[in-house]
Amino acid sequence: HYFTVLFGHEGQKPLELRCEDELDGDEWVEAIHQASYSDILIEREVLMQKYIHLVQIVETEKVAANQLRHQLEDQDTEIERLKSEIVALNKTKEKMRPYQGNQEDEDPDIKKIKKVQSFMRGWLCRRKWKTIVQDYICSPHAESMRKRNQIVFNMVEAESEYVHQLYVLVNCFLRPLRMAASSKKPPISHDDVSSIFLNSETIMFLHEIFHQGLKARIANWPTLILADLFDILLPMLNIYQEFVRNHQYSLQVLANCKQNRDFDKLLKQYEANPACEGRMLETFLTYPMFQIPRYIITLHELLAHTPHEHVERKSLEFAKSKLEELSRVMHDEVSDTENIRKNLAIERTIVEGCDILLDTSQTFIRQGSLIQVPSVERGKLSKVRLGSLSLKKEGERQCFLFTKHFLICTRSSGGKLHLLKTGGVLSLIECTLVEETEAS
């Protein structure tokens with residue numbers, strides 16, 4: 001199961017690589033196919049067309065919304081006019097009522113008829129009012145308000161649970177380890193504690209304040225004003241950027257510290273605390289990573305059930321846009337940081353080093369072992385020598401696929417990697433994938 005890499009420029013011989021099984025070969029070909037720069041351009045063009053189409057739809061919806069808003073305003077004006085007419089009619093009736101009430105010698109049958117009519121009018125009014133209330137309860141607006149209230153109640157419960165998780169992280173792990181680092185024979189250093197629990201205590205204090213604010217708002221239900229709470233929270237969320245950026249590094253430091261038996265034994269004692277409920281320290285360190293996306297989802301659901309004329313609509317939209325912007329920045333920083341660390345780790349394993357891996361835009365895709373076979377042309381072996389191999393032998397190569405380059409290395413008897421002297425670093429910028437469908 002092998003495939004051939006052909007180069008469009010002269011001077012570079014074809015490269016033939018073989019896999020142990022068909023599935024692995026198909027995965028390599030698919031990975032190289034996905035690394036094509038031209039495909040990325042085509043996909044970008046398709047996404048741009050979709051984006052333009054969606055923008056046009058949004059503009060159309062805005063025009064329709066404005067028309068409906070104008071219709072509502074006209075109807076409000078008509079309602080006010082009708083109300084003023086009703087008030088005028090009621091005043092006219094009040095003026096006529098004393099003249100009719102002065103008739104002391106009224107027939108008893110007339111009084112009975114009026115009493116029955118009064119009873120019927122009251123019964124009809126109560127039935128009409130009950131129908132109006134029942135119609136509102138079953139209306140989409142009332143259903144939307146019930147869902148909105150439920151979202152707020154769920155957010156308070158989730159925030160309470162999150163504050164409890166941060167409390168366990170700080171009080172069951174951070175503070176005891178900080179004390180252990182100051183002992184006579186410390187199982188961990190203060191620098192490692194700071195690296196593992198960066199900003200954890202500050203994040204806990206921040207969310208305790210936010211949770212208290214939420215509970216105070218719920219106490220004033222059904223009046224719920226939440227936007228000012230997010231206005232307080234947003235400027236302080238920059239500490240999340242440092243925590244998220246440091247997250248992978250903190251897990252690496254924790255893994256290194258666990259190799260110390262004294263620390264590992266102490267950590268297991270902390271994790272046996274009933275407050276941890278059987279969860280490991282890594283689990284508690286991961287909880288803050290999902291909090292910003294959880295806020296974005298909650299605000300998205302809240303806005304879906306918030307009327308456009310609602311007093312908090314603009315403030316909630318602003319908070320959601322800021323959280324989405326912060327989430328994108330954190331995601332990009334984490335991706336870039338992890339990509340740089342992965343590239344540097346591969347670069348350190350190569351004895352000669354590799355300058356192209358120092359490019360921050362170089363993204364790792366895949367690595368693995370492939371069998372390099374001699375080139376065959378028209379049934380005869382070509383004159384191309386494959387490194388130190390003879391023309392009749394195959395050799396195992398450790399290959400690394402990146403977005404811009406393809407690295408081919410040999411492994412020495414000591415386990416160290418060496419780049420091939422000829423064709424070890426192949427540029428993928430001008431490569432084209434050609435598939436031969438013939439079964440032979």
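By about how many helical turns are Lys320 and Glu324 separated in helix α12? I found that they are four residues apart in helix α12 (residues 313-349), which means a separation of about one helical turn.

**Ground rules.** I am working with a predicted model, in which local features need pLDDT of at least 70 and side-chain atom pairs count only at pLDDT 80 or more, while totals for chains, interfaces and linings use all residues. I number residues from 1 along each chain as its sequence is written, and my side-chain values use heavy atoms, with hydrogens and water left out.

**Entry 1: salt bridges within helices.** I looked at Lys320 and Glu324 again and found a salt bridge, with the closest N and O atoms 3.2 Å apart. My rule for a salt bridge is a side-chain nitrogen of Lys or Arg within 4 Å of a carboxyl oxygen of Asp or Glu. Helices here are DSSP runs of H or I with at least four residues, strands are runs of E with at least two, and both are numbered from the N terminus. Lys320 is buried at 16% relative accessibility, whereas Glu324 is partly exposed at 26%. I call a residue buried under 20% relative accessible area, exposed over 50%, and partly exposed in between (1.4 Å probe, protein chains only).

Next I checked Glu85 and Arg81, whose side chains meet in a salt bridge at 2.4 Å, N to O. They too sit four residues apart, in helix α2 (residues 37-101), so about one helical turn lies between them. Glu85 is partly exposed at 38% relative accessible area, and Arg81 is partly exposed at 38% as well.

**Entry 2: a salt bridge across the chain.** How many salt bridges does the rule give? I get a count of 10. Arg366 counts as buried, at 19% relative accessibility. I also noted a network of salt bridges that links Asp24, Glu27 and Arg366.

**Entry 3: the negative patch.** Which residues gather in a patch of negative charge on the surface? I listed Glu20, Asp21, Glu22, Asp26, Glu30, Glu396 and Glu435. Patches take residues with over 30% relative accessible area and no salt bridge, joining like charges within 9 Å and nonpolar side chains (Val, Leu, Ile, Met, Phe, Trp, Tyr) within 5 Å. Lys and Arg count as positive and Asp and Glu as negative, with His and the chain ends not counted. Each charge is placed at NZ of Lys, CZ of Arg, CG of Asp or CD of Glu. Helix α1 (residues 22-34) gives the most to this patch, with three residues. I looked up Asp26, which is found in helix α1 and is partly exposed at 45% relative accessible area.

**Entry 4: the nonpolar patch.** I then found Val116, Phe119, Met120, Trp123 and Leu124 forming a nonpolar patch on the surface, with about 490 Å² of accessible area together. Areas come from the Shrake-Rupley method with a 1.4 Å probe, and for residues only the protein chains shown count as cover. Leu124 has its place in helix α3 (residues 108-137) and is partly exposed at 41%. Val116 is also found in helix α3, and Val116 counts as exposed at 52%. From Val116 to Asn256, 140 residues apart along the chain, the C-alpha atoms are separated by 90 Å.

**Entry 5: strands.** Phe3 has Leu17 as its bridge partner in β2. Leu17 in turn stands opposite Gln372 in β3, where two bridges join β2 to β3, again antiparallel. I followed β3 onward to strand β6 (residues 395-402), an antiparallel pairing with eight bridges, in which Gly368 is partnered by Cys399 of β6.

Notes:
Pairing = 2+ DSSP bridges.
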